[in-house]
There are 2 protein chains.
Amino acid sequence: MVKMKDVALKAEVSQATVSRVINGSTYVEPYTRQKVLDVIEELGYKVNSAAKALSSKKSSVIAVILPDISNPYFAEILNVIENEAYQSGYKVIFMNSQGNEHKEKKLIDNILKYKPLGVVLSPLDDEENYSKKLIENKIPVVTMGKLSQNFSGVSINHKVGGELLAKHFVSLGHEKIGYIGNKDDKFKGFKDGLASLNVNLKDENCIDFYNYSSINIKEAVYSSLEKYLKKHKKFDFTAIFTGNDIVAMEVINFFRDKGIKVPEDIAVAGFDNISFTSYLSITTVAQPVREIAFLAFERLMMEAKSGNKEIKHIEILPRLIPRDSTVKFFK
Amino acid sequence: MVKMKDVALKAEVSQATVSRVINGSTYVEPYTRQKVLDVIEELGYKVNSAAKALSSKKSSVIAVILPDISNPYFAEILNVIENEAYQSGYKVIFMNSQGNEHKEKKLIDNILKYKPLGVVLSPLDDEENYSKKLIENKIPVVTMGKLSQNFSGVSINHKVGGELLAKHFVSLGHEKIGYIGNKDDKFKGFKDGLASLNVNLKDENCIDFYNYSSINIKEAVYSSLEKYLKKHKKFDFTAIFTGNDIVAMEVINFFRDKGIKVPEDIAVAGFDNISFTSYLSITTVAQPVREIAFLAFERLMMEAKSGNKEIKHIEILPRLIPRDSTVKFFK
DNA sequence: ATGAAAGCGCTAACAG
DNA sequence: CTGTTAGCGCTTTCAT
């Protein structure tokens with residue numbers, strides 16, 4: 001492997017000079033500069049990132065930790081970040097926490113070895129899991145989707161998202177309503193929203209479902225729905241809000257299998273607005289995912305470069321996208 | 001940052017010994033070993049990957065280069081590889097070539113700096129783009145989806161995939177048939193398959209469409225379809241095969257917008273069998289994506305560890321999944 | 001079984 | 001403006 005020394009020798013300059021022209025850290029005589037550049041080209045020299053990182057004490061990798069890359073919502077985030085990183089000359093180490101807090105914790109442990117420039121994280125529930133080590137090691141972090149008290153973050157306001165759907169359902173005349181998902185902020189917004197419109201979301205109609213990973217999600221959704229049916233004989237609601245679009249799709253599938261018509265018998269709404277919901281015409285709440293990812297990246301860069309440690313939370317308002325799964329022929 | 005030297009000092013051993021217990025390279029007295037382990041725990045020591053890589057001349061990162069992470073087919077590949085890599089103690093640097101050969105080339109250039117253990121690549125069309133530098137630098141490579149003469153690879157047989165669909169269309173009684181996509185192996189298989197069944201695939205019904213990136217894919221599909229319409233007034237076929245599932249979805253959308261019924265007026269079939277096709281009941285050709293990714297990773301590991309340079313091509317047979325978009329009420 | 005020491009390829013004072 | 005030099009944190013002979 002050709003190294004800097006080889007370039008220096010052939011260009012008849014010192015290694016330091018080669019380093020200078022590569023990094024543009026200091027002014028180098030144009031002639032010398034060109035000569036070095038030529039030799040680099042000729043020899044096909046490539047810096048050794050490991051050596052560079054070790055010596056300069058900074059790396060050019062950004063770690064991206066996401067719960068489920070098979071969910072197009074997160075895939076889109078990775079898409080944006082990889083693209084931005086590429087344009088800024090950084091590399092992305094991608095890690096999939098798979099909705100598993102234990103794995104998330106190990107991933108963060110692991111990533112510390114690489115001393116990344118920063119990490120973009122779409123965290124699972126338990127803040128304890130990730131914050132401590134990251135803070136200790138002074139690694140800039142920006143979260144997406146959930147806001148953390150220790151780091152900057154970008155997210156839609158999930159409560160408002162839930163409220164939007166509550167209003168939508170009530171305006172459509174629904175009185176018996178269901179929910180399937182975990183009891184997060186959008187659930188709270190949904191429940192509170194309904195309450196403020198004098199509709200009670202019964203506990204028994206809130207089907208607990210916690211599953212970030214889309215592998216086996218069908219089985220998971222089907223089994224929790226079957227469990228509900230076993231207990232209550234029939235679905236005691238005319239509209240249901242699901243934790244995310246993938247779950248919505250599975251719920252619709254399940255209903256179809258059971259001969260339940262959507263939206264005539266039961267209306268279904270999802271969350272995220274992944275592109276596939278438009279093909280299926282599923283009502284959902286839009287998260288401007290590309291914007292979220294972009295802002296997160298931008299903020300991370302700012303903190304990494306300036307060393308600014310101020311915590312900034314950016315909140316974006318979600319938007320309701322009504323489609324056929326709640327209102328027939330909406331289109 | 002606590003380093004090996006700190007551990008060595010506190011454990012009252014040499015730095016070399018600490019290195020030994022961490023890497024298990026040589027036998028270390030159990031007592032000493034335990035003492036070192038305790039200190040590591042106590043101090044929260046983490047190796048510095050850069051230093052390790054520089055010193056040992058081997059890294060623990062695997063580069064994954066894919067054309068479009070927003071396409072669930074590729075997202076699934078990344079999912080599998082990240083997971084396998086994690087379990088084997090490796091990190092994944094992810095790069096999105098975005099269907100852009102120029103970017104793919106630059107990405108490969110870039111990745112060389114990191115001296116990755118290996119690269120898993122789903123290449124675009126031009127082999128020249130990627131093979132040379134990778135070979136020069138002796139980096140193990142396994143391709144997926146396309147087989148390269150210079151590297152090992154895993155792929156379904158695309159020709160057979162195209163033939164499968166040809167048979168399917170003909171058995172359904174179609175005689176006027178269309179194609180939208182780029183003219184790759186599956187196109188050849190499709191065309192030849194039709195020919196062998198005495199059906200001619202007219203050139204004018206082969207709509208050229210080259211677009212790996214799913215951003216703006218809607219516009220791209222719509223405009224090429226509009227262009228066809230402008231020229232021919234109406235669609236002169238009763239069945240169309242699309243390059244991949246995403247394109248199939250857009251085509252179906254387009255037809256719906258135009259009041260064309262699928263499959264009654266025109267049958268549509270895709271390629272890949274991404275999970276969303278099942279929700280939409282789109283006929284497609286299944287690529288066992290998880291298996292492909294797994295085999296590619298496995299093969300890469302083998303080559304990276306053993307230094308085995310033998311080129312092995314694994315070909316998997318695709319499977320037709322007939323659904324409602326070609327045969328109503330198939331389910 | 002363990003320690004000493006050289007060196008991986010690069011950056012960053014420092015000196016001139 | 002450019003060369004010299006001292007590390008960065010770790011692995012790996014080579015001794016003992």
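In Ser19(B), a polar side-chain atom lies 2.8 Å from a phosphate oxygen of DNA strand D. The model that shows this contact is a predicted one.

A base is reached by Arg20(A), where an N or O atom in the side chain is 2.3 Å from a base oxygen of DNA strand D. Two or more residues of the surface near DNA strand D come from each of these elements: α2 and α4 of chain A, and α2 and α4 of chain B. Which of them gives the most to the surface near DNA strand D? That element is α2(B), with five residues.

In total, 28 residues lie around DNA strand D. Those that come nearest are Arg20(A), Tyr27(A), Lys3(B), Tyr45(B) and Ser55(B). Of the atoms of DNA strand D that come within 4 Å of the protein, 65% belong to sugar and phosphate. By class, the residues of this surface are 10 nonpolar, 11 polar and seven charged.

The side chain of Ser19(A) has an N or O atom 2.8 Å from a phosphate oxygen of DNA strand C. Chain B also takes part: a polar side-chain atom of Thr17(B) is found 2.6 Å from a phosphate oxygen of DNA strand C. At Ser55(A), an N or O atom in the side chain is 2.4 Å from a sugar or linking oxygen of DNA strand C.

How many residues surround DNA strand C? There are 27, and the closest are Lys3(A), Met4(A), Tyr45(A), Ser55(A) and Arg20(B). Sugar and phosphate make up 67% of the atoms of DNA strand C that come within 4 Å of the protein. The surface near DNA strand C receives at least two residues from each of α2 (15-23) and α4 (49-56) of chain A, and from each of α2 (15-23) and α4 (49-56) of chain B. The most come from α2(A), which gives five residues. This surface divides into 10 nonpolar, 11 polar and six charged residues.

The next topic is the sheets. Strands of a sheet pair through backbone hydrogen bonds, either parallel or antiparallel. One open sheet here has 12 strands, with mixed pairing, in the order β11(A)-β5(A)-β4(A)-β3(A)-β1(A)-β2(A)-β2(B)-β1(B)-β3(B)-β4(B)-β5(B)-β11(B). From one strand to the next, the twist averages 20°. Within this sheet, β3 (residues 118-121) of chain B runs parallel to β4 (residues 141-144) of chain B, and three bridges join them. Leu121(B) has Thr143(B) as its bridge partner in β4(B).

Another open sheet lies in chain A, with four strands in the order β7-β6-β8-β9 and parallel pairing. At its edges are β7 (206-208) and β9 (267-269) of chain A, each of which pairs on one side only. The neighbouring strands of this sheet are turned by 15° against each other on average, direction ignored. Three bridges join β6 (residues 177-181) of chain A to β7(A), and these strands run parallel. The partner of Tyr179(A) in β7(A) is Cys206(A).

Helices pack on this sheet of chain A. Helix α8 (residues 158-171) of chain A touches β6, β8 (239-242) and β9, and its direction makes about 165° with that of β8(A). Helix α9 (residues 185-196) of chain A touches β6, β7 and β8, with a direction at about 170° to that of β6(A).

The last stop is a pair of helices in chain B. Helix α6 (residues 101-111) and helix α7 (residues 127-136) of chain B pack at an angle of about 10°, and their axes are 9 Å apart. Because of that angle, α6(B) is roughly parallel to α7(B). On the side of α6(B), the contact is made by Glu101(B), Glu104(B), Lys105(B), Ile108(B) and Asp109(B), and on the side of α7(B) by Asn129(B), Tyr130(B), Lys133(B) and Leu134(B). By class, the residues of this contact are three nonpolar, one polar and five charged.

Definitions and conventions
Residues are numbered from 1 along each chain as its sequence is written. Chains are lettered from A and ligands numbered from 1 in the order in which they are written. This is a predicted model: local features need pLDDT of at least 70, side-chain atom pairs count only at pLDDT 80 or more; totals for chains, interfaces and linings use all residues. Side-chain values use heavy atoms; hydrogens and water are left out. Axes are lines fitted to C-alpha atoms, for helices over the stretch in contact, and angles run from 0 to 180 degrees between N-to-C directions. Angles under 35 degrees count as roughly parallel, over 145 as roughly antiparallel, 65 to 115 as roughly perpendicular and the rest as oblique. Contact means heavy atoms within 4.5 Å. Ala, Val, Leu, Ile, Met, Phe, Trp, Tyr, Cys and Pro count as nonpolar, Asp, Glu, Lys and Arg as charged, and the others, Gly among them, as polar. Two strands pair if DSSP finds at least two bridges between them. A residue is near a molecule or strand if one of its heavy atoms lies within 4 Å of it. A polar contact is a pair of N or O atoms within 3.5 Å; within protein, one must be able to donate a hydrogen and the other to accept it, and residues adjacent in sequence count only if both atoms are side-chain atoms.
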